[in-house]
Amino acid sequence: LAKYAASIARALPRDARIPKELMEIGDRILTLDPRHTGALWFTGVARAQTGDRAGARERWTRLLAELDPKSPQYADVKKSIEALDKTGP
């Protein structure tokens with residue numbers, strides 16, 4: 001599932017919306033592996049894109065727990081959460 005999701009994600013333009021199919025695959029991946037960092041990231045993006053800020057925050061907060069706090073990815077996710085906070089509850 002993860003390889004299939006990655007192939008779909010790689011085919012998307014950089015700022016494209018996450019397709020429903022990819023979000024559903026991500027949710028399935030997280031059912032099998034709740035700590036899967038890729039699925040936590042892109043399902044959070046999908047939720048943010050649909051206006052589900054609480055859902056995005058939940059996914060990204062879980063993702064932060066999996067990342068090294070000194071890594072660039074951690075900083076990027078933290079900025080994404082902060083951006084959610086700036087747009088409202």
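Arg 62 is partly exposed, with a relative accessibility of 28%. In this predicted model, salt bridges with shared partners link Arg 62 into one network with Asp 27, Arg 47, Glu 58 and Arg 59. The following report describes that network and then turns to the helix contacts.

## Salt bridges

Under the criterion of a side-chain nitrogen of Lys or Arg within 4 Å of a carboxyl oxygen of Asp or Glu, the count is seven salt bridges.

| Salt bridge | Closest N and O atoms |
|---|---|
| Asp 27 with Arg 59 | 3.1 Å |
| Arg 59 with Glu 58 | 3.1 Å |
| Glu 58 with Arg 62 | 2.9 Å |

Asp 27 forms a salt bridge with Arg 59. Asp 27 belongs to helix α2 (residues 20-32) and Arg 59 to helix α4 (residues 53-66), so this pair ties together parts that lie 32 residues apart in sequence. The accessibility of the two partners can be stated separately: Asp 27 is partly exposed, at a relative accessible area of 23%, whereas Arg 59 is buried, at 11% relative accessibility. The class of Arg 59 follows from the cut-off, because buried means under 20% relative accessible area.

Arg 59 also forms a salt bridge with Glu 58, a residue that is partly exposed at 35% relative accessibility. Glu 58 in turn pairs with Arg 62. Both Glu 58 and Arg 62 are in helix α4, with a spacing of four residues, or about one turn of the helix. In general terms, side chains of opposite charge can pair when their charged atoms come close.

## Packing of α3 with α4

Helix α3 (residues 37-49) packs with α4 at an angle of about 155°, and the axes are 8 Å apart. The angle is over 145 degrees, so α3 counts as roughly antiparallel to α4. The crossing of these two helices is left-handed.

On the α3 side, the contact comprises Thr 37, Leu 40, Trp 41, Thr 43, Gly 44, Val 45, Arg 47 and Ala 48. These meet Gly 55, Ala 56, Arg 59, Trp 60, Arg 62, Leu 63 and Glu 66 in α4. By class, the residues of the contact of α3 with α4 are seven nonpolar, four polar and four charged.

Ser 80 is located in helix α5 (residues 72-86) and is buried, with a relative accessibility of 18%.

## Packing of α1 with α2

Helix α1 (residues 2-11) and α2 pack at an angle of about 155°, with 10 Å between their axes. This angle makes α1 roughly antiparallel to α2. The crossing of α1 and α2 is left-handed.

From α1, the contact is made by Ala 2, Tyr 4, Ala 5, Ile 8 and Ala 9. Helix α2 contributes Glu 21, Leu 22, Ile 25 and Ile 29. The class division for the contact of α1 with α2 is eight nonpolar residues, no polar ones and one charged.

Notes: Residues are numbered from 1 along each chain as its sequence is written. This is a predicted model: local features need pLDDT of at least 70, side-chain atom pairs count only at pLDDT 80 or more; totals for chains, interfaces and linings use all residues. Side-chain values use heavy atoms; hydrogens and water are left out. Buried means under 20% relative accessible area, exposed over 50%, partly exposed in between (1.4 Å probe, protein chains only). Axes are lines fitted to C-alpha atoms, for helices over the stretch in contact, and angles run from 0 to 180 degrees between N-to-C directions. Angles under 35 degrees count as roughly parallel, over 145 as roughly antiparallel, 65 to 115 as roughly perpendicular and the rest as oblique. A crossing is left-handed if the near helix is turned anticlockwise from the far one by less than a right angle, and right-handed if clockwise. Contact means heavy atoms within 4.5 Å. Ala, Val, Leu, Ile, Met, Phe, Trp, Tyr, Cys and Pro count as nonpolar, Asp, Glu, Lys and Arg as charged, and the others, Gly among them, as polar.
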